[in-house]
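Dear colleague,

I am handing over the structure below, and I would be glad if you kept it open while you read the notes that follow it.

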Amino acid sequence: MTRDELCATYRGYIACLNARELDRLGTFVDEAVEYNGAGIGLAGYRAMLEEDFRAIPDLRFSIGLLMCDPPRIACRLDFDCTPAGLLFGLPVNGRRVTFTENVFYEFDAGRIRRVWSVIDKAAVAGQL
């Protein structure tokens, strides 16, 4: 994939998440996807996202910074949301919080094959 094609595919993936169209997730995510070094597969990846949506009813993924060097994408995702209860083990309980996630993706055959994610949990703790 070219740089422009990879960026367009990634933006499509983010749009899929924001529309909560998880039935389309396999269009963007490989069946054997790995997350932070663990082989969780597409079903595990989807289950992780479903849990995120349950915990954060107004979850929306916003691209703050996007870097592309095919076959990899680096992105800073910005979140401004209201988790229903616990978030990262912290008692947010309906308070509005902002935080970021620095995430790196490796694509294979046009789909996300590997994901490395670091979430700024300290930012959430600092708002409580």
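**The largest pocket and its surroundings**

Helix α2 gives the most to the lining of the largest pocket, namely six residues, where helices (H or I, at least four residues) and strands (E, at least two) are DSSP runs numbered from the N terminus. Please bear in mind that this is a predicted model, in which local features need pLDDT of at least 70 and side-chain atom pairs count only at pLDDT 80 or more, while totals for chains, interfaces and linings use all residues. Residues are numbered from 1 along each chain as its sequence is written, and side-chain values use heavy atoms, with hydrogens and water left out.

The largest pocket holds about 370 Å³ of space, and of the 23 residues that line it, Y35, D52, F61, E101 and I119 are the closest to its centre. At least two lining residues come from each of α1, α2, β4, β5 (86–87), β7 and β8. A pocket here is found on a 1 Å grid over the protein atoms alone, as an open set of points where a 1.4 Å probe fits, with protein on both sides within 12 Å along at least five of seven lines, and lining residues have an atom within 4 Å of a point. Grid points are joined across faces, edges and corners, and the volume is the space filled by probe spheres set on the points.

**The sheet**

Six strands make up an open sheet of mixed pairing, in the order β2-β1-β8-β7-β4-β3, and two strands count as paired if DSSP finds at least two bridges between them. The edges are β2 (38–39) and β3 (62–69), each of which has a single partner strand, so one side of each is left without a neighbour in the sheet. Within the sheet, β4 (residues 72–81) pairs with β7 (residues 97–108) in the antiparallel sense over 10 bridges, and L77 stands opposite E101 in β7.

**The two helices**

Helix α1 (residues 3–18) packs on the sheet, where it touches β1 (29–35), β3, β4, β7 and β8 (111–119), and its direction makes about 150° with that of β3; contact means heavy atoms within 4.5 Å, and the angles, from 0 to 180 degrees, are taken between N-to-C directions of lines fitted to C-alpha atoms, for helices over the stretch in contact. Among the buried residues of α1 are L6, Y10, Y13 and L17, with buried meaning under 20% relative accessible area, exposed over 50% and partly exposed in between (1.4 Å probe, protein chains only). After α1 comes R20, whose phi is positive, near 55°.

Helix α2 (residues 41–55) lies across β1, β2, β7 and β8 and runs at about 70° to β1. Its buried residues are G41, L42, Y45, L49, F53 and A55, and these pack against α1, β1, β2, β7 and β8.

R113, which lies in strand β8, is buried, with a relative accessible area of 17%. Not counting residues up to four places away in sequence, R113 touches D30, A32, V33, E34, E106, F107 and D108. G39, by contrast, lies in strand β2 and is exposed, with a relative accessible area of 70%. Leaving aside neighbours within four places in sequence, G39 is in contact with V33 and E34. G39 and R114 are 75 residues apart in sequence, and their C-alpha atoms are 8.9 Å apart in space.

With kind regards
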